[in-house]
Amino acid sequence: MLNKNVLISVLMIVGTLNVAAQSSTNSPYTRYGLGDLQDKGFVNNAAMGGIGYALRNSYHINMTNPAAFSSVDSLSFMFDIGMSLKNSNFTENNIHNNAKNSSFDYIAMQFRLHPRIGIAVGFTPFSNVGYNFNITTPVEGDSETTATNLFYGDGGLQQITAGLGFKILDNLSIGFNAGYLFGTLDYQTGVTFSTTSDPTYIYNRLKVKSYTADLGIQYTHSINENDQIAIGAVYNIGHTLNSTYNKGVQITNTQVYETSQNAFSIPNSFGIGVAYNKKKNLTIGLDYTLQKWSKAKYENQYNAYKDRSKIAVGAEYLPDIYGRSYLQRIRYRIGAHYSNAYLKLPQYNGPSEYGISAGFGFPVFSSNSIINLTGEYVRVQPSVSHALSENRFVIKLGLTLNETWFVKWKVN
C-alpha cells in the first residue's frame, strides 16, 4: 500500500510540472536579471511574512530548511499543493495600468524513513519572467514620424528538489537538499516606425539545465515545560549555471545570432532565523536572508547585480488544537517582510519591496489535514521618484494532506 500511494504522488508531481511552469507575473521589472525571485516557503509561510528557517512542526512541510524534515510524525505521509491569484496595479508618471495573473505554485510530499530521518520531495519556482508593453515616442528631428518600442518577456526557472533531515540529538537536526534547476527565459525587444514596415527585433533566450544544493541546521532549547526557543540556519550553494544563452538580431529579413555557454550564475546565500514557541498555541519568528548577488555573473559580467537582503517576521496562534469549537482549532497567522532589490537598472538601482500578510489554517474535519488561506499586500517601491511602482494583492490557497499511512494493522 505504501509503495502504491507514493507512486501515485510522484506521478501527480510530474503531471503538474507543465502547468506550474507557466509565468505567474506581469511586471516590467522582470526584464532584468533572472526575473522575480521566489521563496521556497508555502502558503502557511507566506502568511507569516515568509519565515521558515527556525519553524519545526509535524503538520506542515517546511522546504525553507531541510533540517525540519526530521520533525515529520512517524505515522504520517504529508502532501502539499498551492496556487495563487495576483492583482497588480502599476503607476508611473500618473499613468496607471493593471494586470491579473494566476498560477499553480508548488507541490511536495514528505514522510519518515527512520525514527530520526525524514525525507521530502518538492517542485517549487525559482524565478519568473512576464511582461508585455510598448512605448511610442516621436522621432527627434521628424515631427511626422513616431517610433514604437516593444518589450516582451516570458518564462521561468523551476526546481525539483529532494532532501533528507537527520535528528542528530533530540534537540539538534541537520539536513540537505539537492535539486534540478531548469527552465527557459525569453526576452524580446523591437522597434517599428510609423513611416516604414521594416521592424528591428532583438531576441534573448536563456535555457538552464543545472542543479541547486543547500544545507540546513536547527537547534531547539526548552526554557521550561511549556516554552521553547528554536534557531535555524541555511546555506545555499552558489555556482555557475549549466546554461545556453542565445542572442539574436533581426532587421527585416536579415538575422544574426550569437550563442554563449554558462554565462550566468546564482549566488551563495545565507539565512538565519529564530522562533519562540509557547506551549502548542503560539509561535513567533524572525528570519534574515543575505544573497551575495554581487558575486554572481550575468552574461559573463560581474557588475550587473548587488547583494540582496530580506528580513521577515511572523506569528501563528492556535487557540486549542483539541478544542470543541471549530474556531478554536483554526490557526491564525500574520506577518511582514522587507527586501532590497538585487538588480542594477540602466540608470538606477532596482526597487525595494515590502509587504504585510495574514492568513488562516482551517482544519479538515476528522483529519489532520489543513486548508491554508493567505492574503498578502506587497509594495514594490522604486529607488527614484516618478519611476514605475507596483501595488500587488495576492491570494494564496494551499492544501496540506496529513494522513496516517504507516499504521501496522493487527489481525486477531
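Is Arg331 buried or exposed? At 8% relative accessibility, Arg331 counts as buried. Buried here means under 20% relative accessible area, exposed means over 50%, and partly exposed falls in between (1.4 Å probe, protein chains only).

Before you go on, note that this is a predicted model: local features need pLDDT of at least 70, side-chain atom pairs count only at pLDDT 80 or more, and totals for chains, interfaces and linings use all residues. Residues are numbered from 1 along each chain as its sequence is written, and side-chain values use heavy atoms, leaving out hydrogens and water.

**Stop one: Glu316 and Arg331**

Select both residues. Their side chains form a salt bridge, 3.7 Å from N to O. The term means a side-chain nitrogen of Lys or Arg within 4 Å of a carboxyl oxygen of Asp or Glu. Glu316 is buried, at 6% relative accessibility.

**Stop two: Arg333**

Arg333 sits in strand β16 and Glu316 in strand β15, 17 residues apart. Strands are DSSP runs (E, at least two residues), as helices are (H or I, at least four), numbered from the N terminus. Arg333 is buried too, at 4%. Keep the three selected: Glu316, Arg331 and Arg333 are linked in a network of salt bridges.

**Stop three: Asp214 and Lys40**

Now select this pair. A salt bridge joins them, with the closest N and O atoms 2.8 Å apart. Asp214 lies in strand β7 (residues 200-222) and Lys40 in the loop between β1 (36-37) and α3 (43-47), so the pair ties together parts 174 residues apart in sequence. Asp214 is buried at 2% relative accessibility, and Lys40 is buried at 17%.
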